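Me: Hi! Could you walk me through this one?

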Amino acid sequence: MTIKAKPFIKWVGGKTQLIKNIEKVLPKNFTELDNVTYIEPFIGGGAVLFWILQKYPNITKAVINDINSDLTTAYKTIKETPAELVKYLQSIQDEYLPLDEEKRKEYYLSKRDRFNLKSLDSVENTALFIFLNRTCFNGLYRVNSKGLFNVPFGRYANPKICDEQTILADSKLLQKVEILTGDFEQTLKYTTNNSLFYFDPPYKPISETASFNSYAKEDFDDSEQIRLSNFCKKIDSLGHTLILSNSDVKGANPDDNFFDDLYEQFSIKRVFANRMVNANAKKRGKLAELLITNTKNQKN
Ligand SMILES: C[S@@+](CC[C@H](N)C(=O)[O-])C[C@H]1O[C@@H](n2cnc3c(N)ncnc32)[C@H](O)[C@@H]1O
């Protein structure tokens, strides 16, 4: 049985739910294109990356990027030293699972403190990054104003801390992936003739409370959304293909044309996907999202 590569962490805004919609807006002749370069400047948990690389072998190279260096270090560690990482995670799992809840919380807090030393080698840093992701509240990644991880303990009964099969499957796929750390605009210099960009930035909040977009110390506010739209217009003018997802602010306020104005030269589709990450269970469920593209393939 072939083990499928898939996200090795839970990540807010994960796009597994949107994959079917994204596939519908890929260029009609996508499978006929040779030597495609796939570029994802806001990689997060990588749900679309792992799916599209397995589904389309004509993608011969991929470039991923994120501003979160703990995250990109994790991708590099899984690509380059998966066996060492698995060994480290297995030892953490063996120490953690036999503990009672009180001892687990102590263990969690001591590992969080060690992670926040910010001076660990990449294997230990990645092992703690994955451990915290699997045992913290709701799989959130949040840092305080000093850039220190401050998510509370998550009380899961039987968390899967060491997922060896997924790490090894991801490592195999990441061999054709270049991993960058920093701002999304740096990805421009990695384009080739056949480049497909998928942008999944932090979403524009649809109301004060509804959306989580503080993945890093710096917020991704409206001026950042505008900077990204200008970058998309540059990508389009250079003849590259792009797909972008974001929140449908019009769903909350019909007079809010923020994205409709910003991306008027592109095709804008409203799609629905389940959103499960919300502390308030009543607020979980179907939310409209936008898929903005310059692809000619609009299967309604
Ligand atoms: C919505 S998440 C991506 C989720 C991803 N598509 C998934 O399936 O898990 C947005 C990501 O953008 C990153 N980010 C925020 N500002 C950025 C910037 N200026 N440049 C690059 N990445 C950024 C965040 O760290 C976060 O991982």
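**Cavity, ligand and salt bridges**

Reply: Happy to! F8, L89, I130, R134, I161, D163 and I167 line the largest cavity. On a 1 Å grid over the protein atoms alone, a cavity is a set of points where a 1.4 Å probe fits but cannot get out, and lining residues have an atom within 4 Å of a point. This is a predicted model, where local features need pLDDT of at least 70, side-chain atom pairs count only at pLDDT 80 or more, and totals for chains, interfaces and linings use all residues. Residues are numbered from 1 along each chain as its sequence is written, and side-chain values use heavy atoms, with hydrogens and water left out.

Me: What volume does the largest cavity have?

Reply: About 40 Å³, taking volume as the space filled by probe spheres set on the points, which are joined across faces, edges and corners.

Me: And how does its lining divide by residue type?

Reply: Five nonpolar, no polar and two charged. Here Ala, Val, Leu, Ile, Met, Phe, Trp, Tyr, Cys and Pro count as nonpolar, Asp, Glu, Lys and Arg as charged, and the others, Gly among them, as polar.

Me: Which atoms of G45 lie 2.8 Å from a ligand oxygen, backbone or side chain?

Reply: Backbone: an N or O atom of G45. The side chain of W11 also has an N or O atom 3.0 Å from an oxygen of the ligand.

Me: Last topic: how many salt bridges are there?

Reply: The whole structure has 13, each a side-chain nitrogen of Lys or Arg within 4 Å of a carboxyl oxygen of Asp or Glu. One of them joins E178 and K61 at 3.1 Å, N to O.

Key
A polar contact is a pair of N or O atoms within 3.5 Å; within protein, one must be able to donate a hydrogen and the other to accept it, and residues adjacent in sequence count only if both atoms are side-chain atoms. On a 1 Å grid over the protein atoms alone, a cavity is a set of points where a 1.4 Å probe fits but cannot get out, and a pocket is an open set with protein on both sides within 12 Å along at least five of seven lines; lining residues have an atom within 4 Å of a point.
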